[in-house]
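Trainee: I would like a close look at the sheets in this structure. Please go through them strand by strand, and then say what surrounds them.

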Number of protein chains: 2
Amino acid sequence: MTVALTREALEAHLERGLMQALEETLAEEHPADVAALLADLPPTEAWRVLALMPAPRQAETFGYLPHPAAARLVETGERARLALVVSEMNADERADLYNALSETHHEAFIPALAKAEREDLRRLAAYPPDTAGALMTSDYATLAPDLSARAALEKLRLEAPDKETIYRAYVVDREGLLVGSVRLQDLILAKPDATVDGFMERRTLAVPVDADREDVARKIAKYDVLALPVVDADGRLVGIVTHDDATDAMEAEVTEDFHKAGGSVSIAGGLRDASLWLLYRARVPWLVVLVFGNLFSGAGIAAFEDVIAANVALVFFLPLLIDSGGNAGAQASTLMVRALATGDVRMGDWGRMLARELSVAFLLGLTMALAVSGLGYVRGGPEIAIIVASSMVIIVTVGSLIGMTLPFVLTRLKFDPATASAPLITSIADATGVLIYFAIATQFLIPAL
Amino acid sequence: MTVALTREALEAHLERGLMQALEETLAEEHPADVAALLADLPPTEAWRVLALMPAPRQAETFGYLPHPAAARLVETGERARLALVVSEMNADERADLYNALSETHHEAFIPALAKAEREDLRRLAAYPPDTAGALMTSDYATLAPDLSARAALEKLRLEAPDKETIYRAYVVDREGLLVGSVRLQDLILAKPDATVDGFMERRTLAVPVDADREDVARKIAKYDVLALPVVDADGRLVGIVTHDDATDAMEAEVTEDFHKAGGSVSIAGGLRDASLWLLYRARVPWLVVLVFGNLFSGAGIAAFEDVIAANVALVFFLPLLIDSGGNAGAQASTLMVRALATGDVRMGDWGRMLARELSVAFLLGLTMALAVSGLGYVRGGPEIAIIVASSMVIIVTVGSLIGMTLPFVLTRLKFDPATASAPLITSIADATGVLIYFAIATQFLIPAL
């Protein structure tokens, strides 16, 4: 159904100056696809392509551009052309782009806008990132409660081109307080003379302007709504968050959790365009923590130096045992971090989860012990087999319990549970694994020394 | 704005038989909130609560219930009451619930439905899970191309109560082929006598019925649409996927990726209600793979037994070195798995990513080497310090490259890149780490023996 303009075709058109043909092709493309192509082009080329589209479509395409690419275009664009695009953009996308720019380029934005738009931009851009305020738009439709259905429909008809959505209009009283909402289809079905407050939904979900973006996105997903109104501390309507922006926010949160689980600090703005230095800084903290965590496991090994020197076969199983504890812990923690993030498991479920984890971990430990005891027998005889197998059961159980508990403890301490990353759990599991293994080995082997 | 009925209040009402008061409270609650409360109640109590609501709201509440809870209610409900609920449910939610039931309870579903609904259910339930077909609903609005705007609006007005969304109606010709779509607001704005094919959008995005649910969800997010039409191989419209179902599908996919990254097989139906046996089966495979992967690192250690026996201090650093390789690899792979999943990085970016990973990993390795060389000096003197530091640089670099490459290789081999889990990378990093460490140690220490 969609015509797919490829990057190669686009570049060929630009090179050969076939601008008329390109203009026709672009008119058939979805702005999201055009944006994906422009993101990879040098800014001057991208501006040449944009010039082939009418201003509202340029603005729409801008809204789909990743922020680094959009910022590059703002920094290189002619003032007059930029002004045209900026004034046509959605209020929330404009504010997001404004915040993605460096201070020196903020001025490029301001003159393009009418006074009311400037104030709106300053207001939207001032909300802390990761809140409902930063996510919301001011392009929503409002109705007065005493309007007739006919007049309300006429108002929406006139405003439709400037609003993000008119499928739901919000009803506000004279003080600006949110008192209800009306679906477009109910307005169509209503008797033309009925007043809005007669058939509006009074039970309107709303979120405070400082609500966490993750909570807003989760609420939109939970209630299956197209948008959520945002209210200030007094209950006045100040914006709406639409489902598409909520989806983007959720994606960003998931990426953050993913990166944390893997032991990186989250990387804003995408991996593809991240600088070496940014990547280095994202990954180095947990790795260095691991080195210092090793002070403990190293000290543990030093304490058992004699047992090890007398039984080098013990060393064969050291990597396996500490990794098993670390991996069982990582499994338990990722399951729990995700379940807490989706709301599947709540803080109050801790006791039940712990009891179940104990059983599962013990079974896993037994299975692993069985798998490893054969190897132990072959490499070091029956004694080593018993030491390795019994260490395995305890290490896997303890590692799992640590992994499962950590997200709860972190939440309680007001940290993000996703901080329970693989490297952190590995460090803890290492030290406990070493101690358990050699303590058990000492019990069995000292009499034989 | 919303009245929040707590679980305690609900139970107190049920215990004291205050059904009239409860009925009034329930009328004020959102069905999603009622469903969350019912999921925790015993089935007989849940049915008592449901009985207080009109059938359409019971059906809506059913749609928000997690599948295990909904299935319990189906299994315990009276036939007549169940029939009422089932016939009122959305077509796609009904089909999903049908698929979540055991075979023996399928029959409870069928008699409740009219013939057309039965056929629709059988058709929807037959699509493989994780496809557009399984995600779509048949409650969509269609228009003929030659209809006038007035007649079209009248048709939507009449059909509105039975459709999931009338904000966009799909235009199909006599053969059932999808030829375009119309937004409700365009229908309102159009001249009453204009025919639909005059102002419909011809450029309508659509997905094939066998499209992967992740691709469908990603497309909805990319194009910021409320729903996507689904077509069969001939281009005939067979259903639509709405944004809320796409969000749920995306959540499920993310959870699957999360679990995989942590080294578990994905757990369907939520962690909270998962059985011990399900959890055991989800976690045991990768742990056992780890045991057998250890055959390689164990063999590596055995090969260097003499060097180790003569220099037990080497063992101090073994856990740290192999963990560093594993953790750097896990960082690199989670970053890449997520970037591939969101489309931030594509298969073609492999070369560029590899070059950058090499630089970042080398810098990380140097930093770690610096951090560990002091420890090495204290524990084992200058020679051990040099061995440990140089091993660290190589192990971290190699581990990172393995972690970064694996998701690409898995994708190329038609596996899910998320299979590049922590335990898999740990196993590989262990074996390579042991070989690198002791090979370097042998070079430095053999002359001293």
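Mentor: In chain A, three strands make up an open sheet with the order 1-2-3 and mixed pairing; everything here refers to a predicted model. Strand 1 (140-143) and strand 3 (178-183) of chain A are the edge strands, each pairing on one side only. From one strand to the next, the twist averages 35 degrees. Strand 1 of chain A runs parallel to strand 2 (residues 165-172) of chain A, and three bridges join the two. Within that pairing, A:Tyr140 is set opposite A:Thr165, which belongs to strand 2 of chain A. A helix covers part of this sheet: helix 12 (residues 149-159) of chain A packs on it and touches strand 1 and strand 2 of chain A. The direction of helix 12 of chain A makes about 155 degrees with that of strand 1 of chain A.

Another open sheet in chain A also has three strands, in the order 4-5-6, and its pairing is mixed as well. At its edges stand strand 4 (207-208) and strand 6 (237-242) of chain A; each has a single partner strand, so one side of each has no neighbour in the sheet. Strand 5 (residues 227-231) of chain A pairs with strand 6 of chain A in the antiparallel sense, over five bridges. One bridge links A:Ala227 to A:Thr242 in strand 6 of chain A. Helix 15 (residues 213-223) of chain A packs on this sheet and touches strand 4, strand 5 and strand 6 of chain A, with its direction at about 140 degrees to that of strand 5 of chain A. Further along the pairing, A:Leu228 faces A:Val241 of strand 6 of chain A.

Strand 5 and strand 6 of chain A also form a hairpin, with five residues between them. In the turn, A:Gly235 has a positive phi of about 90 degrees. Helix 16 (residues 243-261) of chain A lies across strand 5 and strand 6 of chain A, at about 70 degrees to strand 6 of chain A. Although strand 6 of chain A is an edge strand, six of its six residues are buried, and the strand is mostly covered.

Chain A has a partner, chain B. A rotation of 180 degrees, with 0.1 Å of shift along its axis, superposes chain B on chain A at an RMSD of 0.2 Å. This is how a two-fold axis relates copies. Both copies use the same surface, as 100% of the contact residues of chain B recur in chain A. Chain B and chain A each give 90 residues to the contact. On the side of chain B that touches chain A, the largest share comes from helix 20 (residues 318-342) of chain B, with 15 residues. By class, that side of chain B consists of 50 nonpolar, 23 polar and 17 charged residues.

Methods:
Residues numbered from 1 in each chain as written. Chains lettered and ligands numbered in written order. Predicted model: local features only at pLDDT ≥ 70, side-chain atom pairs only at ≥ 80, totals over all residues. Least-squares fit on C-alpha atoms with pLDDT ≥ 70 in both. Contact = placed C-beta atoms within 7 Å. Pairing = 2+ DSSP bridges. Helix = DSSP H or I, 4+ residues; strand = E, 2+ residues; numbered from the N terminus. Axes fitted to C-alpha atoms, helices over the stretch in contact; angles between N-to-C directions. Nonpolar A, V, L, I, M, F, W, Y, C, P; charged D, E, K, R; others polar. Buried ≥ 20, exposed ≤ 12 C-beta atoms within 10 Å, placed from the backbone.
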